[in-house]
Amino acid sequence: MKTSYASAKSLGLVSCHDCHLLSRWPGSSGGRSVQCPRCGAELHQRKPNSIVRTWALVIAAMIFYIPANALPMTVTSALGATQADTILSGVIYFIHSGSWEIALVIFTASIFVPFLKFIILIYLLLSVQFKSIKRPKDRIRLYQLTEAIGRWSMLDIYVVTILIALVKLGILADIEAGPAVIYFASVVVITMLAAESFDPRLIWDAVEEEA
């Protein structure tokens, strides 16, 4: 026999997003905002406009993802010659030079991980909008994975920063961050905000409605 569990929402309870105090939700708020009795933050049973905000952030990140990969990440000048490298050209360079491990790390962190986050967030959004009740625990794990890998997508920014700090060849050579750095950083920050704006409790709402 399948066991069902009462949710905080069904019991009239709500958790504060700031201090995580579990409070009782008033039966009728009269349209007024409800504050946490401990820290005074505004309480919400679900994040306001979670789906709309997450969609907007995901679409914005996908738009920035294109120039982040198409524009140069680094611009190197040496002996009068200038070379601009994108993320993918950098991966190809390390492959040709025999540094497969570095190429794999850069490809995974800078190309595959952001794309994977897009796929996961879009899947979660669609599953909530279509009120899917399939495998809710696995979808929660996907959401937790998206939150966990967010900070590691900044690897390219770290590498470029370290290169600029280390390369000091005076008038012979110079390395600068390319325009892709701004777009790539925007992709990372926006996808992190998208994961934060998505309310995973919406996954269980559909399951409870079918129970």
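Helix 3 has 30 residues, and from its first C-alpha to its last it reaches 41 Å, close to the 44 Å expected at 1.5 Å a residue. This is a predicted model, so let's follow helix 3 through it with that in mind. On the way there is a bend of about 40° at Phe-112. A proline, Pro-114, follows within four residues of that bend. Beyond the end of helix 3 comes Lys-131, whose phi is positive, near 55°.

Now for the neighbours. Two packed helices are described by the angle between their axes and the distance between the axes. Take helix 2, residues 87-96, to begin with: helix 2 packs against helix 3 (residues 100-129) at an angle of about 160°, and the two axes are 7 Å apart. Angles over 145 degrees count as roughly antiparallel, and that makes helix 2 roughly antiparallel to helix 3. The crossing of this pair is left-handed. On the helix 2 side, the contact is made by Ile-87, Leu-88, Val-91, Phe-94 and Ile-95. Helix 3 answers with Trp-100, Ile-102, Ala-103, Ile-106, Phe-107, Ser-110 and Ile-111. Sorted by class, this contact has eleven nonpolar residues, one polar residue and no charged ones.

Next, turn to helix 1, which spans residues 50-70. Its axis comes within 11 Å of the axis of helix 3, and the two cross at roughly 155°. Helix 1 and helix 3 are therefore roughly antiparallel to each other, and helix 1 passes helix 3 in a left-handed crossing. Helix 1 brings Ile-51, Thr-54, Trp-55, Val-58, Ala-61, Met-62, Tyr-65 and Asn-69 to the contact. From helix 3 come residues including Ser-110, Ile-111, Pro-114, Phe-115, Phe-118 and Leu-121, with Leu-125, Val-128 and Gln-129 also among them. In this contact, 15 residues are nonpolar, four are polar and none is charged.

Technical notes
Residues numbered from 1 in each chain as written. Predicted model: local features only at pLDDT ≥ 70, side-chain atom pairs only at ≥ 80, totals over all residues. Heavy atoms only, no water. Axes fitted to C-alpha atoms, helices over the stretch in contact; angles between N-to-C directions. Parallel < 35°, antiparallel > 145°, perpendicular 65-115°, else oblique. Left-handed = near helix turned anticlockwise from the far one by under 90°. Contact = heavy atoms within 4.5 Å. Nonpolar A, V, L, I, M, F, W, Y, C, P; charged D, E, K, R; others polar. Expected span 1.5 Å × (residues − 1). Bend = angle between axes of the 7 residues up to and from the residue.
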